[in-house]
Amino acid sequence: MIQYTIDGAARLIKVRMSGDNHCDDLEEHYAQVYRDPEYDVTFDSILQVDEDAGGPILGDLPKVKQLLELVAQSPRAKKKWAVVIPNVFKRLLVEYVLKDVSMKPVEMRFFDSEMNALAWLNSDVQSSCPIATNH
């Protein structure tokens with residue numbers, strides 16, 4: 001299941017992924033967000049992946065890569081996406097599979113905790129690396 005809330009004051013989309021998901025679920029998630037009247041193209045995003053999340057979406061990672069490239073470029077706006085995956089093995093696997101995804105103009109980083117992810121999102125520092133990690 002993929003659920004989200006939009007925090008307009010923080011200019012942030014908060015997403016939680018749990019359970020078994022498919023690439024189709026991720027596509028539907030982005031379609032819902034883009035239709036949401038509170039959505040703004042410049043908002044940053046934090047995706048929290050629960051310990052039980054996984055299943056078929058891990059097998060769909062090649063399709064997920066294509067989807068992320070499309071979403072990152074349309075609509076175009078420089079923004080940051082923080083991905084929180086507490087499980088080290090799962091985080092490293094996802095980082096490895098997504099390492100060659102062209103995310104410009106989005107900057108995506110992976111984190112082990114929400115606190116670290118929010119600190120990065122609230123900073124004004126942008127790196128030149130489209131996908132970076134922070135363990």
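What pattern does the chain follow, read along the sequence? The chain follows β-β-α-β-α-α-β-α-β-α-β.

**Before you click**

This is a predicted model: local features need pLDDT of at least 70, side-chain atom pairs count only at pLDDT 80 or more, and totals for chains, interfaces and linings use all residues. Residues are numbered from 1 along each chain as its sequence is written, and side-chain values use heavy atoms, with hydrogens and water left out.

**Stop 1: the whole chain**

Colour by secondary structure. The chain has five helices and six strands. Both are DSSP runs numbered from the N terminus: helices are H or I with at least four residues, strands are E with at least two. Of the 135 residues, 44% count as buried. Buried means under 20% relative accessible area, exposed over 50%, and partly exposed in between (1.4 Å probe, protein chains only). Among contacts (heavy atoms within 4.5 Å) between residues at least 6 apart in sequence, 74% join residues at least 24 apart.

**Stop 2: the largest nonpolar core**

Select Leu-68, Trp-81 and Met-103. Of the 29 residues in the largest nonpolar core, these three touch the most other members. A nonpolar core is a set of buried Ala, Val, Leu, Ile, Met, Phe, Trp, Tyr and Cys residues joined through side-chain atoms within 4.5 Å. At least two residues of this core come from each of β1 (2–7), β2 (12–17), α1 (23–35), β3 (44–49), α3 (61–73), β4 (79–84), α4 (88–98) and β5 (106–111). Helix α3 gives the most, with six residues. Apart from this core lies another, of eight residues, including Ile-46, Val-84, Ala-117 and Leu-121.

**Stop 3: Trp-81 and the aromatic pairs**

Centre on Trp-81. Leaving aside neighbours within four places in sequence, its contacts include Tyr-30, Leu-68, Met-103 and Trp-120. Next, show the rings. Rings of Phe, Tyr and Trp (its six-membered ring) pair if their centres lie within 6.5 Å; planes under 30 degrees apart count as stacked, over 60 as edge-to-face and the rest as tilted. By this rule the count comes to three aromatic pairs. One of them, Tyr-30 with Trp-81, is stacked: 6.3 Å centre to centre, 25 degrees between the planes. This pair links Tyr-30 in helix α1 to Trp-81 in strand β4, 51 residues apart. Then select Tyr-34 and Tyr-39, a tilted pair at 5.1 Å centre to centre with 55 degrees between the planes. Tyr-34 is partly exposed at 32% relative accessible area, whereas Tyr-39 is buried at 17%.

**Stop 4: helix α4**

Which residues of α4 are buried? Select Lys-90, Arg-91, Val-94, Glu-95 and Leu-98. Seen down the axis, they fall within an arc of 130 degrees, so they line one face of α4. The arc is that of the directions from the helix axis to the C-beta atoms. On the other side of α4, Phe-89 and Tyr-96 are exposed. At the start of α4, a side-chain oxygen of Asn-87 reaches to within 3.1 Å of the backbone nitrogen of Phe-89.

**Stop 5: helix α5**

Finish at residues 114–122. Here Ala-117, Trp-120 and Leu-121 are buried. They cover an arc of only 100 degrees around the axis, which puts them on the same side of α5. The buried residues of α5 pack against β2, β3, β4 and β5. Turn to the other side of α5, where Met-115 and Asn-122 are exposed.

Definitions and conventions
Polar contact = N/O pair within 3.5 Å; in protein donor to acceptor, adjacent residues only side chain to side chain.
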